[in-house]
Amino acid sequence: MGFAGRRWTTMLSKDESYVNEPINEGGLSADQADQESLSTVLDRILTKARRFTRAEAGTIYVREGNILRFVAVQNDALARRLGEEELQRRLTPEPLELSQQSLAGFVGITGRTLDIPDAYHISSERPYRFDGALDERNSYRTVSVLLIPIHDPARTVLGVLQLINALDSRGRPVPFRPPYEYVQHSLASYAAIAIRNAQSRTAQVPAPAQEEAHGASAASAQPLAPIGRRLGELLTSYQLITNEQLGRALAEQNRTKDKLGAILVRMGAISEDQLVEFLARQYKLNIIEIPDVLDPEVLRLVPAELTRKHELVPVQRRGNSLIVAMGDPTNLAAVDDIAFLTSLHIIPGIAPPSRIRRAIEQAYQIPAAPFEDVLTEAESKLPKFEIVGSGEAEPALDLVELRSVSDQAPIVRLVDMLLMDAIRRRASDIHLEPFEGAFRVRFRIDGVLQQIMTPPKRLAPAITSRIKIMADLDIAERRRPQDGHFKLSGADLAVDFRVATLPTVFGEGIILRILDRNASTFDPSRLGFNGAGLERLQEALRAKNGLILITGPTGSGKSTTLYAALQTLNSLAIKIITIEDPVEYRLEGVNQVQVNEDVGRTFATSLRSLLRSDPDVIMVGEMRDVETAQIAVRAALTGHLVLSTLHTNDSAATVARLLDMGVPSFLLAASLRVVLAQRLVRMICPDCPEAFDVAEDSLVPYGYRPTGRGTCTLFRGRGCPTCNNTGLKGRVAIYEIMPMPSTMRDLIAKAPSIDEIRRAALEHGMQTLREAALQKVVEGVTTLDEILRVISE
């Protein structure tokens, strides 16, 4: 019934529909189903169905000929009373005969949904009856029952989804009510695919066919690809990628946890359009051509935060159905979230992820006038400041008038646009810099400064004053540096700004550090660690005591790695206290202390006091002095796990730096668990990668070990609107992790030199920063030029 491969277009009137015939409504992620049995998949679907309907219990039956077999069964009330193991034993009876006399049998035969408000009071005119035997044996009372057929697109019933006792806010059983049925039909379609694919695991997948003349793909007549076959195996069987490319992609997936398809596209093994066409055939989904302009009423149904989280965009509403373009249409959680939010039946289709990202950016941005228009308006409404000679490098200004101007609409709009533009571009810092005849605005994006605009110099006092007002700073004080902060928050916005002023000879400059909580990831597995490195870090974090040090220059991502480590440790059983200057991100469940030297709250004094607070884990933002370092080392030896940072070039230099600071070598040797040096490198833009070959010998000077193939395939970004034509977008960390076996501890106890420490660490298998960076180049994550920019040695 489906027509996979046909493209939906929007060259229709408002009354016309995208769809004129039924399509397959969903799919299961092959990556998930590869590792899970049918019962596990159905159990998860049942859990979601119960969550949406507030059902106390539920069952999924699978039809096998003339019987219905229990595959998934859940009951919260009995589980609390009997325990899960006993519950499964009691509630897994013999298969149910397919008969219209039972509720599930009736639904299995007729394919109709049953919504029964009172199971024990069914009209005698109905052919079915509720069997209360299970209730009687288990002292349970069934009230309401909702049964939904699980069928394929051909309407063949494959099973039955049964939900029992919808609960009200007080936990009392009540009847099921719409729009639950829409939600459950969506979930039931996923269950159908899981059952059908599980039944056809041994079936051969036919080769792809050419599109038919009328746009319907021959794949529409093919059975769904068995969920037991991995995406990579399917792509190799169709000769779309080679086994070598698959091996490299799987290794990268194991390291980054990214989707296999995205990795293959990033590597250049397959184009995005090829992958989309292939997935459309395999899952019998439609390819959606996303229009340049989307209906605002449809966009309002799904918040921007959800579209970015799941990489999808709503395209059209048709009655009680919503057509959604998705980069991964097998994302069950995404479909469920939107269905629950909108109470609509979700029809997923597939579209290139890059096109979806552009559509989200265009559809959900706040309409605003161009910078040039706002600048012109701001300048036209700016009064002539009276400049009073004061003998200073910067003239004095009329502060009353300055405050008035900084609060005027054009200046407010201009500053707001700057802030939002910085967030949209993923900038980490905003630099407002006055010069003799100009005023320059630069953003630091992925670690590199880029000039954004040059407003007229006359606007500089008003712009800087506006930001100082937002940060609650003294606009009259322009001779001394000031520090402050403010927040921007909204439905899908949670951003902190740290503000620092800098008096210069040509006026007051301002630097804003942007801390976007939504954009930050505190999952160690997503930061760039390889398998062995991640295991070493996790092993150190599992220790009850010791010292974990992270080192690198400013802006190398040390704080993010620290927060990721803390998030891993964060639990109700562990007390974590941090000392930070400043506190960059608020972590729920973590006691965070802000250094304040004005009142004598330094790293050292705070560290001393918090040791009396019975912590399990201590995080010291930075070891700035001898006293802090010595207290931290002693804390690590007295039953605390201590995490901190240092500013050194590599792991070996960290040990030497602590010894130079006066930390006794025998204490350092006993306390160190692991030393981790890191850098951040920019990644190749996922929307414009291209492959090229280089001679292996040309990479040898950078630490590459030739494999004998003669050439090596590397990647670079061509440049596109997504990456602002730089070919690079986003950053990933590279790590040098120095292990601490007993021989290394013995060496450190002798106060060795940096060279001795480095040689010993290499003998124990340490991968240097340069080697780790080169591995990222060979894997197609970054470029050779980028690692040479970041790693100088």
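View 1. Thr654 is found in helix H24, residues 651-660, where helices (H or I, at least four residues) and strands (E, at least two) are DSSP runs numbered from the N terminus. The model is predicted, and local features need pLDDT of at least 70, side-chain atom pairs count only at pLDDT 80 or more, and totals for chains, interfaces and linings use all residues. Residues are numbered from 1 along each chain as its sequence is written, and side-chain values use heavy atoms, with hydrogens and water left out. Leaving out residues up to four places away in sequence, Thr654 touches Leu549, Thr551, Leu646, Thr648 and Val675, contact being defined as heavy atoms within 4.5 Å.

View 2. At the start of H24, a side-chain oxygen of Asp650 comes to within 3.4 Å of the backbone nitrogen of Ala652. Just after the helix, Gly662 adopts a positive phi of about 105 degrees.

View 3. Seven strands, in the order E21-E20-E22-E23-E19-E24-E27, make up an open sheet with mixed pairing, two strands being counted as paired if DSSP finds at least two bridges between them. Its edges are strand E21 (591-594) and strand E27 (728-738), each of which pairs on one side only. On average, and with direction ignored, neighbouring strands of this sheet are turned by 20 degrees against each other. Within the sheet, strand E22 (residues 617-620) and strand E23 (residues 641-646) pair in the parallel sense over four bridges, and Met619 stands opposite Leu643 in E23. Helix H21 (residues 558-569) lies across strand E19 (546-551), strand E20 (576-580), E21, E22, E23, strand E24 (672-684) and E27, and runs at about 170 degrees to E23; axes are lines fitted to C-alpha atoms, for helices over the stretch in contact, and angles run from 0 to 180 degrees between N-to-C directions.

View 4. Strand E13 (residues 427-434) is mostly covered, eight of its eight residues being buried. With strand E14 (residues 439-445), E13 pairs in the antiparallel sense over seven bridges, and the two strands form a hairpin with four residues between them. In this pairing Asp429 stands opposite Arg444 in E14. E13 also pairs in the antiparallel sense with strand E18 (residues 507-516), over four bridges, and there Ile430 has Leu512 as its bridge partner.

View 5. Asp258 lies in the loop between helix H9 (243-256) and helix H10 (260-267), and counts as partly exposed because its relative accessibility is 22%. Residues up to four places away in sequence aside, Asp258 touches Gln253, Ile263, Arg266 and Arg526. The C-alpha atoms of Asp258 and Arg526 are separated by 8.4 Å, although the two residues are 268 residues apart along the chain. Helix H10 is mostly covered, with seven of its eight residues buried, namely Leu260, Gly261, Ile263, Leu264, Val265, Arg266 and Met267. Just after H10, Gly268 takes a positive phi of about 85 degrees.

**View 6. Ile290 in the largest nonpolar core.** A nonpolar core is a set of buried Ala, Val, Leu, Ile, Met, Phe, Trp, Tyr and Cys residues joined through side-chain atoms within 4.5 Å. The largest one has 56 residues, of which Leu42, Ile45, Ile290 and Val313 touch the most other members. This core draws at least three residues from each of domain 1 (38-199) and domain 2 (258-364), the bounds coming from an automatic or database domain assignment. Leaving aside neighbours within four places in sequence, Ile290 is in contact with Val313, Ala325, Ala351, Arg355, Ile356 and Ala359. Apart from this core lies another, of 39 residues, among them Val595, Phe603, Leu610 and Met740.

Note on methods: Buried < 20%, exposed > 50% of the residue type's maximum accessible area, 1.4 Å probe, protein only. Polar contact = N/O pair within 3.5 Å; in protein donor to acceptor, adjacent residues only side chain to side chain.
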